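Q: Could we go through this structure together? I would like to start with the strands and then turn to the side chains.

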Amino acid sequence: LAALAGCGSETVESNVPEILKTVPTLTVHCGENSTEGLQGTHEWWYANGDGTQTSFIADSLHPLQSKDYMTPLNISTQSSQPITARLEFSVVPDKVGARSWSVDSFHGPGEPVDDGHYEVLVYILEPEGGTEDVRQFFMELPYGGYVYEVTALWESYEDFGGEVSYSFYTKAMTLREAEDLCGYPLVEDME
């Protein structure tokens, strides 16, 4: 698990509300960079407090049709080795899965989608003592541009739960692009 510390491994404690009436959010962190996951298809329920429940289901565009609605997670690396990202949910889920496609697979809305995706391994870091509300999730991001769909499941909470998908994509930055983003020249150009 030591390799997971590369993109931030601080513990995030979650104060779970008594009743969560909205779908939790996802923020993907890698070093100093982060992006919000685009909320996708989901089903959610919560207890009303009077013995009844409210539930809702929402459909959305496929992640490969949603580029215009996402902000990329800029990643840069000096090698072709994968880097590790931390998945931060506003309420810690029970299970998380992920899959990916090359950014070359982006389509416009209404265009058919070739679902030739790759499963992505999500690592779970349990805190010592087994406290559920500080469980952390990590995933490897290969160098390059990829589209990711993260699916999370909340099934152990008594007053709310459901399944939500989120999407984001990565943009690999060259050193020259990183220079333009930061506004500073490369050290080699200063010599």
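Predicted model: local features only at pLDDT ≥ 70, side-chain atom pairs only at ≥ 80, totals over all residues.

Q: In what order do the strands of the open sheet run?
A: The open sheet has 5 strands, arranged S2-S1-S6-S10-S9, and their pairing is antiparallel.

Q: And which strands are at the edges?
A: Strand S2, residues 33-36, and strand S9, residues 122-125, are the edge strands. Each of them pairs on one side only.

Q: What does the twist average from one strand to the next?
A: The average twist is 30° from one strand to the next.

Q: Over how many bridges do S1 and S6 pair?
A: Strand S1 (residues 26-30) and strand S6 (residues 83-89) are joined over 4 bridges, in the antiparallel sense.

Q: Which residue in S6 is the bridge partner of valine 28?
A: That partner is leucine 87.

Q: Changing topic: how many aromatic pairs are there?
A: The count is 9 aromatic pairs. One of them joins phenylalanine 89 and tyrosine 166, with ring centres 6.0 Å apart and planes at 65°.

Q: Why is that pair edge-to-face?
A: The planes of phenylalanine 89 and tyrosine 166 stand at 65°, and an angle over 60 degrees counts as edge-to-face, so the pair falls in that class.

Q: Where in the chain do the two residues lie?
A: Phenylalanine 89 belongs to strand S6 and tyrosine 166 to strand S12 (residues 160-172). The pair links distant parts of the chain, 77 residues apart.

Q: Is phenylalanine 89 buried or exposed?
A: Phenylalanine 89 counts as buried, because its relative accessibility is 7% and the cut-off for buried is under 20%. Tyrosine 166 is buried too, with a relative accessible area of 1%.

Q: What about tyrosine 148 and phenylalanine 168: stacked or edge-to-face?
A: They are stacked, because their planes are at 15°, with the ring centres 5.0 Å apart. Tyrosine 148 is in strand S11 (residues 146-154) and phenylalanine 168 is in strand S12, so the pair ties together parts 20 residues apart in sequence. Both tyrosine 148 and phenylalanine 168 are buried.

Q: Which residues form the aromatic cluster?
A: One aromatic cluster is formed by Trp44, Phe89, Phe137, Trp154, Tyr157, Phe160 and Tyr166.

Q: On to charges. How many salt bridges are there?
A: There are 3 salt bridges by the rule applied here.

Q: Which residue does arginine 86 form a salt bridge with?
A: Its partner is glutamate 88, and the closest N and O atoms are 3.5 Å apart. Arginine 86 counts as buried at 4% relative accessibility, whereas glutamate 88 is partly exposed at 26%.

Q: And which residue meets lysine 95?
A: Glutamate 155 meets lysine 95 in a salt bridge, at 3.4 Å from N to O. Glutamate 155 sits in the loop between S11 and S12 and lysine 95 in strand S7 (residues 95-102), so this pair ties together parts 60 residues apart in sequence. Glutamate 155 is partly exposed, with a relative accessible area of 48%, and lysine 95 is partly exposed at 47%.

Q: What remains to be said of arginine 99 and glutamate 149?
A: Their side chains meet in a salt bridge of 2.6 Å, N to O. Arginine 99 is in strand S7 and glutamate 149 in strand S11, 50 residues apart. Arginine 99 counts as buried at 18% relative accessibility, and glutamate 149 counts as buried at 12%.

Note on methods:
Residues numbered from 1 in each chain as written. Heavy atoms only, no water. Pairing = 2+ DSSP bridges. Axes fitted to C-alpha atoms, helices over the stretch in contact; angles between N-to-C directions. Phe/Tyr/Trp six-rings, centres within 6.5 Å; stacked < 30°, edge-to-face > 60°. Buried < 20%, exposed > 50% of the residue type's maximum accessible area, 1.4 Å probe, protein only. Salt bridge = Lys/Arg side-chain N within 4 Å of Asp/Glu carboxyl O.
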